[in-house]
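Hi everyone, thanks for coming.

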Amino acid sequence: MNEDEMSVGIGRPPETRKQVGIKGLWIGVWLAFMSAPVKDLADGSHTAWATALGTLGLAVFVGSYLVLVFRPAPKMLNPFQVRVVLSFLGALAVLLSLALGTPWLVLFVYVSVSAGATLPLRSARWIIPAVTAVLVGIGLTGDHPREIITALVFPALLGGFSMTGVRQMILTTNQLREARATVAQLAANEERLRLARDLHDLLGHSLSLITLKSELAGRMLPDHPDQAAAQVADIEQVSRQALVDVRGAVTGYRRPTLPGELAGARTALAAAGITADIPADAPEDLPEKPEEVLAWALREAVTNVVRHSNARHCTVTLAPRQTLDGRILELTVADDGRGTSGTTPGNGLTGIAERLATVDGTLITRATNSRSGKGFTMAIGVPFGSGLGSGE
């Protein structure tokens, strides 16, 4: 199950109706504290005109508050408009509290929370105490119960400043996401440049030689056909070698590597909302073929965890181990999901087994929790030489 479909990522605007509904639900929960003004209006303690105006004022206040804190589209309000709406909320809270009494003092808590959620820290750190001070001032000027004023001061301060922390976390998350995208783009650019350099080094000499021999064969062809044929044979040999070199270079770029697959596994599991415990580094000096087999196996195992396991946690380990047949490097992928429902291996496991057979590797599958049968653990072992002895 994809976590992005179930929740709205921090710092990301909702993109689907489900995400809009979930965000609206989270914001709407806090509107439960509006029960005091609603109850005050329903009690009938005010005149008909006061009740009508109070109802209108409360509806406008709630609507403005939702526009301010919800903002489903990015940059829906610019900084000036945010301050205008926030000032309007403050003025409306003052007016309704003075006109309708104690139950309406709770509106200042929403003003404080809005300030923390929408303003930079340098502005919010004095506006939040100022809003709280206005709350206390209005409460003390009337015959409002002191215990109610005291009970509202703490939520106003705590709610406002906690929202500044949430806002800062969102900004930091966005900056981190942009930095990761930039790093990925730079890495892709570097790979393209490296591929261009390698192809130039591989083909530059070969193509130059082919061009020279083609010109020479063309000059020899009328009078010296035998020598021209020899040049053409040389051209064929150089062309074949160039083709082999290009295929080797492209194969090297297409071959999966263990460090790359570890990074890809970390990203895939995080995107799926699965807590991952993955080693940061892979052993060095691992032979090319065993590394490729382990990389393919890791990719397939993580794909199965993301697509089929419904797991909450996945652990990947890489460890050298001594067996009766020699030293092996063992890759283990264990999840706490629903486990396997049958004994027939799928295409993925069959493919892993076939690749392992080319390097005399081993594949062991079992339930992560042997008692409940839940979870799935895959252990892949490949033999290695003395080059990894230090990694134990």
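The protein has 11 helices and 5 strands; both are DSSP runs numbered from the N terminus, with helices being H or I of at least four residues and strands being E of at least two. Quick note on where this comes from: it's a predicted model, where local features need pLDDT of at least 70 and side-chain atom pairs count only at pLDDT 80 or more, while totals for chains, interfaces and linings use all residues. Residues are numbered from 1 along each chain as its sequence is written, and side-chain values use heavy atoms, leaving out hydrogens and water.

Of the 392 residues, 33% are buried, and buried here means under 20% relative accessible area with a 1.4 Å probe, counting protein chains only.

Now, let's go to strand β5, residues 376-383. Why do we call β5 largely enclosed by the rest of the structure? Because 7 of its 8 residues are buried.

So who sits beside β5? Strand β3, residues 326-335, pairs with β5 in the antiparallel sense over 8 bridges; pairing takes at least two bridges found by DSSP. There, Asp-335 has Phe-376 as its bridge partner. Strand β4, residues 362-366, also pairs with β5 in the antiparallel sense, over 5 bridges, and Arg-366 stands opposite Thr-377.

Last stop is a helix: α5, residues 107-118, which includes Thr-118. Thr-118 is buried, at 7% relative accessible area. A polar atom of the Thr-118 side chain lies 2.6 Å from the backbone oxygen of Ser-114.

That's my tour, thanks!

Key. Buried < 20%, exposed > 50% of the residue type's maximum accessible area, 1.4 Å probe, protein only. Polar contact = N/O pair within 3.5 Å; in protein donor to acceptor, adjacent residues only side chain to side chain.
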